[in-house]
Amino acid sequence: MNLKKATLLAAMSISYTFLLRYMGTFLPGIFRSLPVALAVAFLSLLAGLAIVLFFVLFFKGYVRKGQLRLKKASILAIIGSCALLCLNVKSLVLIFRMYLSPYLVMYFLRSQFIDPLIPWVSSIFILIFFIVFHQETRHEEEIRLRKPTLFAVIGSSLASLERTFVVVNYLLYSKPMGWFTHLSAKTAIILSPIYLFSFLAVLYFFVSFYRQQT
């Protein structure tokens, strides 16, 4: 697996995640059956693995020796994406809870505070990665990525802002919220263009980065 293929998989993964969240907001009933929930959890795990793979290969094959800040930012992105992967594993554990140790299941059930916390921390780590990458696009061979990385910074900033709102709500009311589930249907529709722009901005980066790879 090279970085170009990993970039394509990452673009597909964030597209899948975005569509999944939209469907979960406006069509929540479709995920109530066990086969559908199992398929979604499994595909989400694969999507999370693709994001981790991208950042790992970026760190190993793209970052130059002198780019210490970008190297540290890439490590943060790897940590953040791995943390999100743990949530995907948790979803599978809860689906198969009838076949697992009750102590393991109870541990995951009691650790609901990590559900809003991990995506928030991960979004900040990935935002830092895009900020640093944007600052590093000053060399001639990377100048074409200056605009895409700027869009990624904007999109990631919006995602981090939304996740911050989720965490604050949890701290105030001790009630975890989904992507749009804390909003009324009318408000979700009004705000959906903002989240759509956030997704498209990050997708624009991945598509541009894919085209640059040889």
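Student: How much accessible surface does the protein chain have, and what share of that surface belongs to carbon and sulfur atoms?

Tutor: The general idea is to take the total first and then divide it by atom type. In this predicted model, the accessible surface of the protein chain is about 12200 Å². Carbon and sulfur atoms hold 71% of that surface.

Student: Which residues form a nonpolar patch on the surface?

Tutor: Met1, Leu8, Leu9 and Met12 make up such a patch. Together these four residues have about 380 Å² of accessible area. Met1 has a relative accessible area of 59%, and because the cut-off for exposed is over 50%, Met1 counts as exposed.

Student: What does the secondary structure of the protein chain come to, and in what pattern does the chain run?

Tutor: The protein chain has seven helices and zero strands. Along the sequence, the pattern reads α-α-α-α-α-α-α.

Student: What percentage of the residues count as buried, and how much of the contact total comes from residues 24 or more positions apart?

Tutor: Of the 214 residues in the protein chain, 42% count as buried.

Student: Where is Asn88 placed, and is Asn88 buried or exposed?

Tutor: Asn88 belongs to helix H3, which spans residues 68-95. Its relative accessibility is 16%, and since buried means under 20%, Asn88 is classed as buried.

Student: Which residues does Asn88 touch, if residues up to four places away in sequence are not counted?

Tutor: With those sequence neighbours set aside, Asn88 touches Ser44, Leu45 and Gly48.

Student: How many disulfides does the structure hold?

Tutor: A disulfide is a covalent bond that links the sulfur atoms of two cysteines. This structure holds zero disulfides. Cys82, for instance, is in no disulfide, and the nearest cysteine sulfur, that of Cys86, is 7.3 Å away.

Student: What are the relative accessible areas of Cys82 and Cys86?

Tutor: Cys82 is partly exposed, at 31%. Cys86 is likewise partly exposed, with a value of 47%.

Terms used: Residues are numbered from 1 along each chain as its sequence is written. This is a predicted model: local features need pLDDT of at least 70, side-chain atom pairs count only at pLDDT 80 or more; totals for chains, interfaces and linings use all residues. Side-chain values use heavy atoms; hydrogens and water are left out. A disulfide is a pair of cysteine sulfur atoms within 2.5 Å. Buried means under 20% relative accessible area, exposed over 50%, partly exposed in between (1.4 Å probe, protein chains only). Helices (H or I, at least four residues) and strands (E, at least two) are DSSP runs, numbered from the N terminus. Contact means heavy atoms within 4.5 Å. Accessible areas come from the Shrake-Rupley method with a 1.4 Å probe; for residues, only the protein chains shown count as cover. Patches are made of residues with over 30% relative accessible area and no salt bridge: like charges are joined within 9 Å, nonpolar side chains (Val, Leu, Ile, Met, Phe, Trp, Tyr) within 5 Å. A salt bridge is a side-chain nitrogen of Lys or Arg within 4 Å of a carboxyl oxygen of Asp or Glu.
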